Amino acid sequence: MRYRDQHINRLHFSLTLFESLLKKVDENVPIVLLLNKVDIFQQKLEKISLKVCFPDYEGSDVVEEACQFIRQKFEVSSEIEGREIYSFVTCAIDLESSGTLWENILGCSSISEGGFSTVE
């Protein structure tokens, strides 16, 4: 278990943790990445630009565009490891979209064929 340093941005920490997890999961297992709390992310974007945390970000602070950038950051990590990744932006407290989310996850071909795996 890795513990987050209070001085490191949570997104940067999550990217680092994700990269380390990729090395621990069998390379044939597809990865499902849930980018949760999009509602809180949107509120933060209204106060602080994503460019503060990611100087290479050139987009606007519209939540869809910012989420796409974050999604790409995680996907680049998986490409380095040669992994298949399915990423979803979600708000777990939105029950209506949560049902659709799980349908989408289970609809991914590699997942429905191979089942789920956990990292220990």
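The model is predicted, so local features need pLDDT of at least 70, side-chain atom pairs count only at pLDDT 80 or more, and totals for chains, interfaces and linings use all residues. Residues are numbered from 1 along each chain as its sequence is written, and side-chain values use heavy atoms, leaving out hydrogens and water. The chain has six helices and two strands. Helices (H or I, at least four residues) and strands (E, at least two) are DSSP runs, numbered from the N terminus.

**Confidence**

- The chain has a mean pLDDT of 77, and 70% of its residues reach 70 or more. pLDDT is the predictor's confidence in each residue, from 0 to 100.
- Residues 116–120 have a pLDDT below 50. Beyond near neighbours in sequence, this stretch has seven contacts in the model. Contact means heavy atoms within 4.5 Å.
- Where pLDDT is low, the predicted coordinates should not be read in detail.

**Overall fold**

- Starting at the N terminus, the order of elements is α-β-α-α-α-β-α-α.
- Take the contacts between residues at least 6 apart in sequence: 56% of them join residues at least 24 apart.
- Of the 120 residues in the chain, 32% are buried. Buried means under 20% relative accessible area, exposed means over 50%, and partly exposed lies in between (1.4 Å probe, protein chains only).
- The accessible surface of the chain is about 8,400 Å², and carbon and sulfur atoms account for 52% of this surface. Accessible areas come from the Shrake-Rupley method with a 1.4 Å probe; for residues, only the protein chains shown count as cover.

**The nonpolar core**

- The largest nonpolar core has 22 residues. Such a core is a set of buried Ala, Val, Leu, Ile, Met, Phe, Trp, Tyr and Cys residues joined through side-chain atoms within 4.5 Å.
- Phe18, Phe41, Leu50, Phe54, Ile70 and Phe74 touch the most other members.
- Four elements each supply at least two residues of this core: α1 (10–22), β1 (31–35), α2 (38–47) and α4 (63–80). Helix α4 gives the most, with six residues.
- Not counting residues up to four places away in sequence, Ile70 touches Leu11, Leu35, Phe41, Leu50 and Phe54.
- In soluble globular proteins, nonpolar side chains tend to be buried together.

- Val38, Phe41 and Leu45 are the buried residues of α2. Viewed down the helix axis, they fall within an arc of 50°, so they line one face of α2. The arc is that of the directions from the helix axis to the C-beta atoms.
- Lys44, Glu46 and Lys47 are exposed on the other side of α2.
- An α-helix has 3.6 residues a turn, so residues three or four places apart point the same way.
- Lys37 sits in the loop between β1 and α2. Lys37 is not a glycine, yet its phi is positive, at about 65°.
- Ser49 belongs to the loop between α2 and α3 (50–53). Ser49 is partly exposed, with a relative accessible area of 21%.
- Ser49 and Ala66 lie 17 residues apart in sequence, and their C-alpha atoms are 9.4 Å apart.

- Ala66 is part of helix α4. Its relative accessible area is 0%, so Ala66 is buried.
- Leaving out residues up to four places away in sequence, Ala66 touches Phe41, Leu45, Leu50 and Tyr57. Ala66 and Leu50 are 16 residues apart in sequence and 7.1 Å apart in space, C-alpha to C-alpha.
- Ser77 is also in helix α4. Ser77 counts as buried because its relative accessibility is 6%.
- Beyond its neighbours within four places in sequence, Ser77 is in contact with Phe18, Glu19 and Leu22. Ser77 and Leu15 are 62 residues apart in sequence, but 8.0 Å apart in space, C-alpha to C-alpha.

**Cysteines**

- The structure has zero disulfides. A disulfide is a pair of cysteine sulfur atoms within 2.5 Å.
- Cys53 is partly exposed, at 25% relative accessible area.
- Cys67 counts as buried, at 10% relative accessibility.
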